[in-house]
Amino acid sequence: MGTKGTKYRVLSLDGGGSWALIEVKALMQLFPAGAATKGHEVLREFDLVTANSGGSIVLGCLIADFALGEILNFFLSEKQRRAVFSKTSNVGYQMLEEVAGTGPKYSAAKKLPALRKVLKETGDKQLCDAVSGVAGQSGEDVRVVIVGFDYDRLRARFFRSQEMSSKASGTGVATELTLAEAIHASSNAPVNYFDAPATYPGRPERYWDGGITGCNNPVLIGVTEAIAATRGEMEIVALSIGTATVALPWPQPGEESSPYVRPPSPDGLLNDVEKLASAILDDPPDMASFVAHVLTHSGEGLPPHGPADSRIVRMNPMVRPVRGADGKWTAPGDLGLGGFQKLANMEMDAIEPDEVEAIEHYAELWLAADNNLNQPVRMDGDTLECEVGQASFIAAKAAWEAIRG
């Protein structure tokens, strides 16, 4: 697997529905050819790629060797979005959503054919065959791990392109699912989104979204698999790209009336169901980067000063307020209060044109400005101050260039 000191690179792609367009725009900034960069060119920069939900769709398109501009256009196309997020035909669920504003909205059965159509012939190949010949930075086939949740066994399921087995780490078999089938499982968020577990003709398995495992940010899975693969013989570095997270500060004395702070949540059954359904996008996924930071011994062997203070680089826009000149919280950029609240309250299944336009606009704000809009590896939850990692995309990009090798 190489010699000690050699870099083993991991790419991790969060889940997040249509918000996954952010990951594509970030990758476009990391490669000189930008939108023209082909999927296999991206994969050649890494040894292992792990993804969940919306991020698994991005990964599938990379494996199919689409140009980054083509992948972005998929997310920007209302027709394509509505094919994946096709309305459920279950009348009971339709009434529940209309009356209570909660419950499944989309058809799980219609999603798999839509994914197969997007990925063309690559989607129908077993995952191992889909990545066969797609070389990572070592020259060997890049390893792929897509995260799902086994509906009946109530446990995480990792869809691997290659076996990951050893005496020290046990048996991790390669999946028999096709690329499209693995993505279908991983992107099947329940309760408020899809109306049934992901299933396949002639197979007994049923799956929910991998976010149910607490791995919506799957960087910890990627790092763990990398440790098992390298057996301690290589230095592991990871680039974790997210799909935005809402970070509202806890009100300090005198800030209780500010519209930019987090008020206490109302309780009750419907609110609790909605909170549980959306919690798969939040903590513990927010913890994953820091745990991966600790596992990769990021306090050892790195310069005490410079662009990188960790072997984990987190690139993820935070929908968060910033301090204005008067010391009060305000909306970043040109959003204004209305634009900020729209983003902060928007669900991951954003399919309306104005919603996707708002996401794209915020992504551009995050990418272009040297501001405090990036989620670091660790931050103060009350003040939103960066403790480990980088507070801007520009700084995160510099950190990745410094540690990638």
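These legends describe close-up views of a predicted model. Local features are given where pLDDT is at least 70, side-chain atom pairs count only at pLDDT 80 or more, and totals for chains, interfaces and linings use all residues. Residues are numbered from 1 along each chain as its sequence is written, and side-chain values use heavy atoms, with hydrogens and water left out.

View A. Helix 3 spans residues 54-63, where helices (H or I, at least four residues) and strands (E, at least two) are DSSP runs numbered from the N terminus. Ten of the ten residues of helix 3 are buried, meaning under 20% relative accessible area with a 1.4 Å probe and protein chains only; among them are Gly-54, Cys-61 and Ile-63. Just after helix 3, Asp-65 takes a positive phi of about 65°.

View B. Gly-17 lies in the loop between strand 1 (7-13) and helix 1 (21-30), and Gly-17 counts as buried because its relative accessibility is 11%. Apart from neighbours within four places in sequence, Gly-17 is in contact (heavy atoms within 4.5 Å) with Gly-54, Phe-75, Phe-85 and Met-348. The C-alpha atoms of Gly-17 and Glu-347 are separated by 8.9 Å, although these residues are 330 residues apart along the chain.

View C. Most residues other than glycine have a negative phi. Lys-120, in helix 7 (residues 108-123), is not a glycine, yet has a positive phi of about 55°. Leu-384, also not a glycine, has a positive phi of about 65° and sits in the loop between strand 12 (378-379) and strand 13 (386-388). Leu-384 counts as buried because its relative accessibility is 5%.

Note on methods: Buried means under 20% relative accessible area, exposed over 50%, partly exposed in between (1.4 Å probe, protein chains only).
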